[in-house]
Amino acid sequence: MALHVTSSIAIDDAELVERFIRASGAGGQNVNKVSTAVELRFDVAATEALPARVKTRLRQLAGRKLTTAGVLVIRSAATR
């Protein structure tokens, strides 16, 4: 299966790595016990799914979400 970004760009599911982690911040009794956040990783540098111009634009827009190794890291956490 693939994530269809546009009609001409699709990212294979194998290139996306999701990991459930513990969110920082207030959590009451569940703090440090329950994974309430998700981290999505996508190796921009290694992917062949994106054309060079798209990779360049993504690097410009990603800012601190892009590691020095070229991996895009996006975190999302549920809040109360």
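**Strand pairing and burial in a predicted model**

Arg-41 stands opposite Val-73 in β5, in a model that is predicted.

Reader: What makes β4 and β5 a pair of strands?

Author: Two strands pair if at least two bridges are found between them; β4, residues 37-43, and β5 are joined over seven bridges in the antiparallel sense, and therefore they count as a pair.

Reader: Why are β3 and β5 said to stand at the edges?

Author: The sheet is open and has three strands in the order β3-β4-β5, with antiparallel pairing. Both β3 (16-21) and β5 (71-77) have a single partner strand, so one side of each is left without a neighbour in the sheet. Neighbouring strands here are turned by 20° against each other on average, direction ignored.

Reader: Why is Glu-39 called buried?

Author: Glu-39, which lies in strand β4, has a relative accessible area of 1%, and buried means under 20%, so the residue qualifies as buried. Leaving aside neighbours within four places in sequence, Glu-39 is in contact with Val-17, Glu-18, Arg-19, Ile-21, Val-73, Ile-74 and Arg-75.

Reader: How do you know that the side chains of Glu-39 and Arg-75 make a polar contact?

Author: The side chains are 2.8 Å apart in this contact, and the cut-off for a pair of N or O atoms is 3.5 Å, so the value falls within the limit.

Reader: Which residues make up the largest nonpolar core?

Author: That core consists of nine residues, namely Ile-9, Ile-11, Phe-42, Val-44, Ala-49, Leu-50, Ala-62, Leu-66 and Leu-72. Leu-66 touches Val-44, Arg-59, Val-71 and Leu-72, when residues up to four places away in sequence are not counted.

Terms used
Residues numbered from 1 in each chain as written. Predicted model: local features only at pLDDT ≥ 70, side-chain atom pairs only at ≥ 80, totals over all residues. Heavy atoms only, no water. Helix = DSSP H or I, 4+ residues; strand = E, 2+ residues; numbered from the N terminus. Axes fitted to C-alpha atoms, helices over the stretch in contact; angles between N-to-C directions. Core = buried A, V, L, I, M, F, W, Y, C linked by side-chain atoms within 4.5 Å. Buried < 20%, exposed > 50% of the residue type's maximum accessible area, 1.4 Å probe, protein only. Contact = heavy atoms within 4.5 Å. Polar contact = N/O pair within 3.5 Å; in protein donor to acceptor, adjacent residues only side chain to side chain.
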